[in-house]
Amino acid sequence: MESNVISVFATKETRKKLQEAKDARDKSKSQLEEKKGDIEELNKTKTGLQSELSSLNSQLQTVSDNLVTIEGNINSKQAEIDQTKKDLEEAIETQKKQYAAMKKRVQFIYESQSFMMIELMLSSKSFADFLNNSEYVAQLSAYDRKQLINYQQICQSITDKSRKLDADMKSLEDLKKKQETEQSRVSTLVNNTSSSISQYSDQINSAQAQADALKESIEKQNENIEALQKKLEEEIRMSKLAARSKWRDISQVSFAEGDRYLLANLIYCEAGGEPYSGQVAVGAVVINRVRSSIYPDTVVGVIYQRGQFEPVATGRLALALAQDKATSSCYKAADEAMAGYTNVGECVYFRTPIPGLNGTKIGGHIFY
């Protein structure tokens, strides 16, 4: 009956581990599907941004073409302004000359021309001479008026050209501002979109790396599940054998030289920090296996049986043996176990507690 109980406990831990491994694998699969969904959404967003960038690049080309036109307009306007400046300079120069000439003409009129005109009219010898002289005087007056009008036109031309120059300069400034604004607007859009694409690319790469890690984890979990499945099958087989096996009395067990040293150091590795009762219990598990017909019948055989004791696999036992780490309480526990004392009945397994595992709890271990 007790062997059947041991069989149940022997396989329960492995079943628990198997279920935990399956749950972990299913969780990883669910996470992987979520991550694939995230990657798909990120790729959609990235594709949309790439389309937007393509559109922006097309806009940028249009803007570039517009800028070429604007640049041409700027150059044309600049040339027009330069010509206006030149015309204005020439008009001002002409104005200065005409002003100087008219100043002298006015001075001459006031100083002598009026007298000369009267003298000319009075010196006429005949009516015909008087008419001729009158015509001459009229022509002189018309010339003066014409020069005055011409001067006024030049002044007006200078005013008009100055206004046009101011308008052209403002137009040129507006064109340059328009050019700068257009360049800045599209360049900012392109830079922002490119930055967003880069950001999404980084997120996609990160998500893909996480997905790859999850895939690798699932593969390892499947391997672990397969190994646990095999271990469960083996424990079930061993449990069935244990149910039909006989147990030797401690008096029938022969201990070899070095068994005490080996057992004490294993107890140190497995329960060095446990209370003394926990150290005795670990020793009892080893001796119970020696007594059972389904395990090796020697301390060395039991301890070094493949995959049974973690310190053997990790090398901790070898290190402890090399330095004789076992304490006096570990040696005392080994002596009690080898003498046939057990505080855990015929338990042949122990481990740290997990939910659903029942047995004899001593210190930080469950014995079953």
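Against which helices do the buried residues of helix 8 pack?

1. The model is predicted: local features need pLDDT of at least 70, side-chain atom pairs count only at pLDDT 80 or more, and totals for chains, interfaces and linings use all residues. Residues are numbered from 1 along each chain as its sequence is written, and side-chain values use heavy atoms, with hydrogens and water left out.

2. The buried residues of helix 8 pack against helix 3 (259–271) and helix 4 (276–291). Helices are DSSP runs (H or I, at least four residues), numbered from the N terminus; contact means heavy atoms within 4.5 Å. In helix 8 (residues 328–338), the buried residues are Cys 330, Tyr 331, Ala 333, Ala 334, Ala 337 and Met 338. They lie on the same side of helix 8 because they cover an arc of only 160° around the axis. Buried means under 20% relative accessible area, exposed over 50%, and partly exposed in between (1.4 Å probe, protein chains only).

3. Asp 335 and Arg 260 form a salt bridge through their side chains (2.6 Å, N to O). This pair links distant parts of the chain, with Asp 335 in helix 8 and Arg 260 in helix 3, 75 residues apart. A salt bridge requires a side-chain nitrogen of Lys or Arg within 4 Å of a carboxyl oxygen of Asp or Glu. Asp 335 is partly exposed at 34%, as is Arg 260 at 38% relative accessibility.

4. The whole structure holds three salt bridges. Among them, Glu 173 pairs with Lys 177 (3.5 Å, N to O); these residues are four apart in helix 2 (residues 127–244), so about one helical turn separates them.

Terms used: Helix = DSSP H or I, 4+ residues; strand = E, 2+ residues; numbered from the N terminus. Arc of directions from axis to C-beta.
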